[in-house]
Number of protein chains: 2
Amino acid sequence: MQLLISNIRQLVTVRSGGKPFKAGREMRDIGVLENASVLIENGVITWIGNASDFMNTLQPDADTLDGSSYVALPGFVDAHTHALFGGSRENEFALRSEGKTYQDIAAQGGGILSTVNATRAATKRELKKATSKRLDAMMKHGTTTVEIKSGYGLSEESEIKMLEAITELADEHLISIRSTFLGAHALPPEFKDRRAEYIDLLCNRMMPYVAKRRLAQFCDVFCEVGYFSVEESRKILEQARTHGLALKLHADEFNSIGGTTLAAQLQVASVDHLEHISEDSIAGLRRGKTVAVLLPGVSFFLRNPYAPARKLIDAGVPVAIASDFNPGSCMSFSMPLMMTIACTQMSVTPEEAITASTLNGAAAMGVSDQVGSIEVGKRADIVLYDIPHYRYLAYHFGTNLAAKIIKNGTILEFP
Amino acid sequence: MQLLISNIRQLVTVRSGGKPFKAGREMRDIGVLENASVLIENGVITWIGNASDFMNTLQPDADTLDGSSYVALPGFVDAHTHALFGGSRENEFALRSEGKTYQDIAAQGGGILSTVNATRAATKRELKKATSKRLDAMMKHGTTTVEIKSGYGLSEESEIKMLEAITELADEHLISIRSTFLGAHALPPEFKDRRAEYIDLLCNRMMPYVAKRRLAQFCDVFCEVGYFSVEESRKILEQARTHGLALKLHADEFNSIGGTTLAAQLQVASVDHLEHISEDSIAGLRRGKTVAVLLPGVSFFLRNPYAPARKLIDAGVPVAIASDFNPGSCMSFSMPLMMTIACTQMSVTPEEAITASTLNGAAAMGVSDQVGSIEVGKRADIVLYDIPHYRYLAYHFGTNLAAKIIKNGTILEFP
């Protein structure tokens, strides 16, 4: 089956020529082509060039789409979400507007544990149903690949329930999903005085099961004061690696306790948050293969400092932007809005924000050989926007500009 | 013609009982009713109560809408926009991400004057067409009443062209529009060394014509260093008052030069921006009828300080929130996102943000006797949201949660 998108006003390829990501200064190079056409065959991009290049090979029953009024970008690759959750936390949002901090609220029994209670109480079917609706909305806003973490179960039963739900959604939903085991998201209240026991449960019971049943591709830890220490994080991640899981780490969100240094040592796929990363830690990421995943929406939502995106990019670190969609610290899945926040609050250029939200997000998820750019051989996950210039995407904020979503080469229809 | 919206999950009335606005501490009182029903007759709200209250009076051909899965709010009243403009300024957006300020860019020939050039070059028909599309989008996002300013013409011909376009849109478009003459938005380049002449042109030629042809209901001035001084602003506004125009003022945006004091002296309908308002000026607004219109999107977009919303509200000043939708300093018309920015960055509570975006916006536009709350006798401009609680509106940001827009008692259908 062929689909030709012809004469695209601006085709933002984010081409990398086979490299897994763009480091620092390369991030501005987003490979814009004017009036280019893209041929898709069986869901894969097979040609990019002038429409006349394809005319010979076009099958009689090929679909064609006039791209002349659109700007095309790779579908967003949202490399950090907690999109599967029970309950909601709009009351904490109201409390924060009155001056309470995220940490105040957590100390009073809100925060992650409030979502843990609601997620434990929900059935797998309920969680899948609510999340499926969210994934529909994410696709409508241009996201075609998403990472989803467990971590609101914090018990063997509930973590497995979450990961099964994510894995089943990965099979059933059109969006592409990678699953991350985040049993080390917080210490469950049942293990309040038994940290070592919970870590033992994670490493020696849950992790082997998760790995064996392929319920996750990644293991992640929330390395933070009041959550998991650097040494605990190291232990968990090293164990995960022996089980064949790829690694991620939440680091330097509220305090700089050495998480990013650990991430660099372990050469994890991504180290996420970095609002309080030190200069030394930035240097430590400079030459590795670890992607720094920044979460502008969290700083915005919690009115916290922003990660030093400019310093990271200027130091040559490959930077991704993700939504961190979750009910507590960022109740938004809008990748264009994350780009706007990055451009306006973090001195990220519109071009860098595009690379960060596509190719580098894919690298953080280990799928940049398949998605994240519009290049021959990659999966045809392409979004067409009804805008005059790609810069509108971050500039014209607070509304959904996506006009057509092409997933695996198929133009989606939304009700 | 009757329409019954029955058993609304949460009906946020923002009722004021005939008062034109809610001052300061009253702003949290948004009058939420659970499972209430609203009867609309010929576009006007005639009953609010239990569905059974209406059954006797319901005509056989009345329309009914089951509200049980919705939260209902008054349509947003966006009291400060420059929604009619030519061109766009995404390149300035990119320059700002690289560290240039709004003032740097204006000094280099960008800024307002860049939009002036594009607006002068456009025909009235082109301006109307582009703006009509924007107004459609605003309605889809829950805005049912909007103020639109001139001020990108800055010549007799082009200012009149803008005001005619706005006035014609007010007749032709379903959204309710109030028009503001902002000839004093910037000094046009042609009058560079002839300030007094331009002010004379404004006051003695353009203003009488605008008033006579009823092309505007308000007159506004950008009182700011590099734009119009306090004395110039006073002169223009006093002259406007003699022509029967109501008054507004842009004040304290980048510098505190006394604009808000002038606004309080003249008892203008609204004083807008206030990012740099002084403590004294806050006190001056305390007991007047002037609404303080805050523009959270501008501070966000330009990475500038936010107006001291908390101090204004705590001082008892009636505060409104508006989008300031315009191509330079806030390329967004999303009122829910303005609420989110106000809650997260300005310590405004979700309840205050709702009052600010509805009733108090209507007061800033002089239409709070007709719209801005869901009360008997008011126009049926009601928006139904597919959310479990009204707090979701600011909490779940970056996506459009409006499910049904009821304008003048009619449920709108969007293509």
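Reply: In this predicted model, the count of disulfides over all chains comes to zero. Take A:Cys219 as one case: the closest cysteine sulfur, in A:Cys203, lies 7.7 Å from the sulfur of A:Cys219, and this is too far for a bond, because a disulfide needs the two sulfur atoms to be within 2.5 Å. A:Cys219 is also buried, with a relative accessibility of 1%. B:Cys330 is likewise in no disulfide, and the nearest cysteine sulfur, which belongs to A:Cys343, is 15 Å away; B:Cys330 has a relative accessible area of 0% and is therefore counted as buried.

Turning to the place where the chains meet, 43 residues of chain B are in contact with 43 residues of chain A, and the area buried between the two chains is about 3900 Å², with carbon and sulfur atoms giving 61% of it. Of the area that chain B buries against chain A, 21% is supplied by B:Phe300, B:Tyr395 and B:Phe397, which is more than any other three residues supply.

Charged and polar pairs are found here too: there are four salt bridges between chain B and chain A, including the one in which the side chains of A:Glu98 and B:Arg28 meet, at 3.3 Å from N to O, and 24 residue pairs are in polar contact between the chains. On the side of chain B that touches chain A, the helices α2, α11, α13 and α16 each supply at least two residues, and α13(B) gives the most, with six. The residues of that side divide into 19 nonpolar, 16 polar and eight charged.

How values were computed. Residues are numbered from 1 along each chain as its sequence is written. Chains are lettered from A and ligands numbered from 1 in the order in which they are written. This is a predicted model: local features need pLDDT of at least 70, side-chain atom pairs count only at pLDDT 80 or more; totals for chains, interfaces and linings use all residues. Side-chain values use heavy atoms; hydrogens and water are left out. Contact means heavy atoms within 4.5 Å. Buried area is the accessible area (1.4 Å probe) that two parts lose on being put together, summed over both. A polar contact is a pair of N or O atoms within 3.5 Å; within protein, one must be able to donate a hydrogen and the other to accept it, and residues adjacent in sequence count only if both atoms are side-chain atoms. Helices (H or I, at least four residues) and strands (E, at least two) are DSSP runs, numbered from the N terminus. Ala, Val, Leu, Ile, Met, Phe, Trp, Tyr, Cys and Pro count as nonpolar, Asp, Glu, Lys and Arg as charged, and the others, Gly among them, as polar. Buried means under 20% relative accessible area, exposed over 50%, partly exposed in between (1.4 Å probe, protein chains only).
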